[in-house]
Amino acid sequence: MFPSRRTATAGARRFRLLFYVFTATLLGCSEPVDYGPVPTDAQLAWQRMEINMFCHFGPNTFTGAEWGSGEENEAVFAPSALDCRQWVDIAKQAGMGGIILTAKHHDGFCLWPSKYSTHTVDDSNDVLRQFVDACREGNIKAGVYISPWDRNHPTYGTDVYNDVFVNTLHEVHANYGPFFEQWFDGACGEGPNGKKQHYDWPRFMQTMHDLNPHAVIFSDIGPGCRWVGNEQGHCGEPCWSTLNTEGATPSDNKPDPSELETGHKGGAYWVPAEVDVSIRPGWFWHSNEHPKSVDQLMEIYYTSVGRNGLLLLNVPPDTNGRIPAEDSAVLMAFRAERDRIFSHDLAQGAKANAWHRRGHKARNVLDTAYHTFWAATGNSAELTLTLDSITEFDIIVIQEYIPLGQRITSVNLLLDPDDGLYSYTLGDKPLCTTVGYKRIIRLDHPIRWQKLVFQFEGMAPPLINRIALYNSQAQ
């Protein structure tokens with residue numbers, strides 16, 4: 001809704017100013033320190049990638065299934081013109097930093113010639129090798145999905161299978177790695193003997209740590225990143241990067257999906273949300289399906305990356321072993337639309353003013369350097385942006401400096417015409433609750449204004465890496 005009048009007497013504003021001065025005097029010389037759990041270097045680099053590609057590829061591509069039975073003849077997997085370099089080229093042009101390949105889905109079929117399974121490609125058709133080579137040549141990061149569920153392996157459902165799976169992890173990561181992300185699906189169904197497996201998750205996780213301590217490990221509960229709790233392409237509101245995982249496991253004892261969508265305020269571990277969603281109705285390519293529109297992908301972008309998540313967009317290769325032309329065209333248009341909207345930051349050239357800790361001034365929110373930020377002096381803080389002139393915008397981007405933790409619990413916007421303050425609310429809600437790595441706020445309608453006052457509330461003094469303004473209607 002448009003701003004409602006906020007009463008602010010001159011005396012009240014003077015009191016607030018004196019309070020900030022007093023607080024700044026007490027705290028202004030101290031450096032900000034970590035608040036709660038913080039990301040590792042690998043987690044931070046992962047979050048800054050923002051959008052990655054998922055490639056579901058295997059026998060299901062040829063049979064039309066989503067979950068294979070494990071009984072498929074190995075010869076059914078026969079891509080006629082496999083071209084992993086084409087996947088890499090499309091991912092890079094679409095603005096993605098990495099690709100994750102389903103090297104082994106629930107059917108147990110391995111896209112590399114494994115010593116620990118008979119349900120694999122042959123030596124001459126090593127898809128995983130072609131994939132990692134293409135990623136390295138194209139300077140894009142490679143990730144791998146290896147499902148612990150195996151509907152083909154005869155030992156599945158016994159203790160022996162845990163040994164098989166550990167050996168499989170060794171085989172893949174030692175011979176094809178390093179990978180930037182290991183994707184563990186938590187699905188646990190029956191194997192060929194009708195039994196379910198009790199996964200030895202502590203052993204799986206320790207194996208991964210030993211093999212590649214810098215890989216971000218995805219599962220329902222991390223530890224590197226977590227499932228967002230849905231496959232529709234959105235984070236919750238709020239969305240915390242922190243999660244309580246004590247006593248939980250990735251498959252049969254995980255938090256409720258609604259908790260995974262929002263995370264846990266003040267959670268004990270840094271486990272950010274990864275938003276996995278497919279560009280098509282299914283995860284594998286099917287001839288009768290078509291990709292989502294650019295408008296649908298933009299909505300997903302706003303509610304995933306724009307709510308503190310990383311978007312993992314599935315783009316399945318077809319039976320040729322190539323990404324279809326119609327999917328590629330949509331991805332290019334999706335990139336072009338993001339560039340159109342976000343290429344011109346209307347806050348550039350503005351003046352920023354606020355009380356700050358030494359060396360972390362308000363103007364830092366206007367630069368594009370990641371490791372500079374404004375450090376507020378208290379848990380409640382205000383920052384004023386004065387634009388060069390009256391400017392029209394309908395999108396606000398705010399980024400917290402997450403290397404020192406996620407802190408913000410609420411953001412409000414006041415519009416200051418110099419004769420009192422007007423509060424802008426979205427309905428009856430504040431501008432947003434959590435921020436995290438990135439928050440993209442879409443206003444109900446464009447605003448034409450010059451002086452903006454942002455009010456922040458946090459569990460600790462807010463650290464703001466950037467504030468930017470955009471007009472999605474501009475051509």
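Which residues in α9 meet which residues in α10? This is a predicted model, where local features need pLDDT of at least 70, side-chain atom pairs count only at pLDDT 80 or more, and totals for chains, interfaces and linings use all residues. Residues are numbered from 1 along each chain as its sequence is written, and side-chain values use heavy atoms, with hydrogens and water left out.

**Helix packing**

From α9, V294, L297, M298, Y301 and Y302 take part. Their partners in α10 are V330, A333, F334, E337, R338, I341 and F342. Contact here means heavy atoms within 4.5 Å. By class, the α9 contact with α10 has 10 nonpolar, no polar and 2 charged residues. Ala, Val, Leu, Ile, Met, Phe, Trp, Tyr, Cys and Pro count as nonpolar, Asp, Glu, Lys and Arg as charged, and the others, Gly among them, as polar.

Helices (H or I, at least four residues) and strands (E, at least two) are DSSP runs, numbered from the N terminus. Axes are lines fitted to C-alpha atoms, for helices over the stretch in contact, and angles run from 0 to 180 degrees between N-to-C directions.

| Helix pair | Axis separation | Angle |
|---|---|---|
| α9 (residues 294–303) and α10 (residues 325–342) | within 9 Å | roughly 55 degrees |
| α5 (residues 127–137) and α6 (residues 159–176) | 11 Å | about 40 degrees |

The angle makes α5 and α6 oblique to each other. Angles under 35 degrees count as roughly parallel, over 145 as roughly antiparallel, 65 to 115 as roughly perpendicular and the rest as oblique. L128, R129, V132 and R136 of α5 make the contact with V172, N175 and Y176 of α6. That contact divides into 4 nonpolar, 1 polar and 2 charged residues.

**Cysteines**

The model has 0 disulfides (cysteine sulfur pairs within 2.5 Å). C135 is in none; the nearest cysteine sulfur belongs to C84, 7.8 Å away. C135 is buried, at 1% relative accessibility. Buried means under 20% relative accessible area, exposed over 50%, partly exposed in between (1.4 Å probe, protein chains only). For C188, the closest cysteine sulfur is in C110, at 18 Å, too far for a bond. C188 is partly exposed, at 26% relative accessibility.

**A loop residue**

T372 lies in the loop between β12 (351–353) and β13 (374–375). T372 has a relative accessible area of 25%, so it counts as partly exposed. Not counting residues up to four places away in sequence, T372 touches N364, D367 and N465.
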